[in-house]
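Let's take a walk through this protein, starting with the whole chain and ending with a few single residues. Have a look at the structure before reading on.

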Amino acid sequence: MLTREDLTSERIDQIVADARAAGYHFFLSSAEREASLRETMADHPPGADVWVFAYGSLMWNPALEYAEVQSCKVDGWRRSFCFWTPMGRGTPELPGLMLALEEGGGCEGIAYRLSAEHVQTELGLLWNREMLAGLYKALWIPARLKDGRTVSAISFVVDPAHCQYCGDLPIERAAHHIAFAEGRRGACRDYLTNTADHARSLGIHDPYIEDLVARVARLREQPSTACAPDNLPLHALAK
C-alpha cells in the first residue's frame, strides 16, 4: 500500500533517477511533473475545490486527504489493462500490466472532492504518483455522482503514443502477465484482486475485470511457467 510518505518529491525523484539509470528515460522529472500540473489547472478557478475520478488503485489506496467521496460514473471511457510495468509490479523479463482509461464504453468508480485549501498539496502528491512515467494524460471529464450531480473531475487516461502502451493485447496474454508478474511494488494479480474486491464492495460489476479475475485464477491453478510468452512484442519495453 502506498503512503503519503512514499509520494514525497524526494522519494519520487529517487525512483525517477533509478528508472533513468536502468534505461527508462521517459520518466518525468520534478519540473516536468510540475509543468503538467500547471497546464491541467490553468483554466480551473483559483480557490475552488477539485474532483478526482478513481477507477483503479486510487479507489482502494487513495493516499489523499479529501473532503467528500461518492460513487460515480463517466461515459466514453472504460477500464483497460493497457500498458506495461516492468518495474513496479513486474520485471523487464515478465512485465506486469496496469489499468488506465481508454476511449469507449463507460466506467463506474469513485470521485473524491479535494477542498480548495488542500488542492495544491494533494494534487502535488497525486501527480508524483500518477504522472511518474508520463503514461497518462490528465483530462477533465464529466462524472455523474451518486447523488445526481455532474461534476468535472480530473481523470488519468492512457497516452496511446507512449512506448509502453499495449492496448491491442489479447486478453489471454494480459491474463498471463497479470497472473505471474511481480515487482518491487508487489504482484500484479494483487492489483487486479484489490480493484475487483473494492468495485464489488461499491456495487460495481465490471465484466472485463471479472473475466480477468476468473482467467487469472485458472492460470494460477494450472502447472505453468511464469516466463513471458514468446511473442512479447519487442517494442513493448522500449526504453
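A quick word on the ground rules. This is a predicted model, where local features need pLDDT of at least 70, side-chain atom pairs count only at pLDDT 80 or more, and totals for chains, interfaces and linings use all residues. Residues are numbered from 1 along each chain as its sequence is written, and side-chain values use heavy atoms, with hydrogens and water left out.

Now for the overall build. The protein chain has seven helices and seven strands; these are DSSP runs numbered from the N terminus, with helices being H or I of at least four residues and strands E of at least two. Starting at the N terminus, the order is α-α-β-α-β-β-α-β-β-α-β-β-α-α. The radius of gyration is 17 Å, close to the 18 Å that the globule rule gives for 239 residues, so the chain is as compact as a globular protein of that length. (That radius is taken over C-alpha atoms, and the rule is 2.2 Å times the number of residues to the power 0.38.) Along its principal axes, the C-alpha trace spans about 55 × 40 × 30 Å.

What about the inside? Of the 239 residues, 51% are buried, where buried means under 20% relative accessible area, exposed over 50%, and partly exposed in between (1.4 Å probe, protein chains only).

Time to zoom in. Ala-63 sits in the loop between α3 (57-60) and β2 (68-85). This residue has a positive phi of about 55° although it is not a glycine, and it is buried at 15% relative accessible area.

Thr-85 belongs to strand β2 and is buried too, at 10%. Beyond its neighbours within four places in sequence, Thr-85 is in contact with several residues, including Gly-90, Pro-95 and Gln-164.

Finally, look for Gly-167 in the loop between β5 (150-158) and α5 (171-180). Gly-167 is partly exposed, at 28%. Leaving out residues up to four places away in sequence, Gly-167 touches Cys-82 and Glu-102.

Notes: Contact = heavy atoms within 4.5 Å.
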